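Dear colleague,

I am passing on to you the structure below, together with notes on what came out of going through it. Please read the notes with the coordinates open beside them.

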Amino acid sequence: QVQLVESGGGLVQPGGSLRLSCAASGSIFSIHSVGWYRQAPGKERELVAGISDGGRTNYAGSVEGRFTISRDNAKNTVYLQMNSLKPEDTAVYSCNAQITTTIRGPLRSYWGQGTHVTVSS
């Protein structure tokens, strides 16, 4: 069984910073690509940033230059450093990971429960 747990959300003023963590645990053989998503009230969920197992990254245009995704494979953890936060960044942030649990196992998609980020003065 695999679990993803996000942490690091909270209330921050505009212009502030937060670092989100997505920690995977359980019967993990390998973590492949990981993505951070967000969903604001009344809006569709959107991909904010992604990172491949090789470390290649991609970002939504709205966060490019402000957010940085990184991974620590030894800790099975992916981070999202968010700087220069804006009120429109307010959302529930969730991580999604493509994980194999055995050497020949299929790739499966796992989601965390989400962490709230509120940017407000």
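In what follows, a residue is called buried if its relative accessible area is under 20%, exposed if over 50%, and partly exposed in between, using a 1.4 Å probe and protein chains only. Please keep in mind that this is a predicted model, in which local features need pLDDT of at least 70 and side-chain atom pairs count only at pLDDT 80 or more, while totals for chains, interfaces and linings use all residues. Residues are numbered from 1 along each chain as its sequence is written, and side-chain values use heavy atoms, with hydrogens and water left out.

I begin with Ser52, which is buried at a relative accessible area of 18% and sits in the loop between S5 and S6; strands here are DSSP runs of E with at least two residues, numbered from the N terminus. With neighbours within four places in sequence set aside, Ser52 is in contact (heavy atoms within 4.5 Å) with His32, Ser33 and Arg71.

Next come the charged pairs. Side chains of opposite charge can pair when their charged atoms come close. Taking a salt bridge as a side-chain nitrogen of Lys or Arg within 4 Å of a carboxyl oxygen of Asp or Glu, the count comes to three. In one of them Arg38 is paired with Glu46, the closest N and O atoms being 2.7 Å apart; Arg38 counts as buried because its relative accessible area is 7%, whereas Glu46 is partly exposed at 33%. Arg38 also meets the side chain of Asp89 in a salt bridge, at 2.9 Å from N to O. That pair links distant parts of the chain, since Arg38 belongs to strand S4 and Asp89 to the loop between strand S8 (77–82) and strand S9 (91–100), 51 residues apart. Asp89 has a relative accessibility of 1% and therefore counts as buried.

Asp89 is bridged to Arg66 as well, with the closest N and O atoms 2.8 Å apart. This pair, too, links distant parts of the chain, with Arg66 in the loop between strand S6 (57–59) and strand S7 (67–72) and Asp89 in the loop between S8 and S9, 23 residues apart. Both Arg66 and Asp89 are buried. Through shared partners, the salt bridges join Arg38, Glu46, Arg66 and Asp89 into one network.

Ser62, in the loop between S6 and S7, is partly exposed with a relative accessible area of 40%, and its side chain makes a polar contact with the side chain of Arg38 at 3.4 Å. A polar contact here is a pair of N or O atoms within 3.5 Å, of which, within protein, one must be able to donate a hydrogen and the other to accept it, and residues adjacent in sequence count only if both atoms are side-chain atoms. Ser62 and Asp89 are 27 residues apart in sequence, and their C-alpha atoms are 9.1 Å apart in space. Arg45, for its part, lies in the loop between S4 and strand S5 (46–51) and counts as partly exposed at 47% relative accessibility. Not counting residues up to four places away in sequence, Arg45 touches Tyr37, Arg38, Gln39 and Trp111. The C-alpha atoms of Arg45 and Ser94, 49 residues apart along the chain, are separated by 9.5 Å.

A cavity is taken, on a 1 Å grid over the protein atoms alone, as a set of points where a 1.4 Å probe fits but cannot get out, and lining residues have an atom within 4 Å of a point. The count comes to one cavity of 30 Å³ or more, and the largest cavity has a volume of about 40 Å³, the volume being the space filled by probe spheres set on the points, which are joined across faces, edges and corners. Its lining consists of Leu4, Cys22, Ala24, Ile31, Val34, Asn76, Val78 and Ala97, and the elements giving two or more residues to that lining are strand S3 (18–26) and strand S4 (30–39).

One of the lining residues, Asn76, lies in the loop between S7 and S8 and has a positive phi of about 50° although it is not a glycine.

With best wishes

Conventions
1 Å grid on protein atoms, 1.4 Å probe; cavity = no way out; pocket = protein on both sides within 12 Å on 5 of 7 lines; lining within 4 Å. Helix = DSSP H or I, 4+ residues; strand = E, 2+ residues; numbered from the N terminus.
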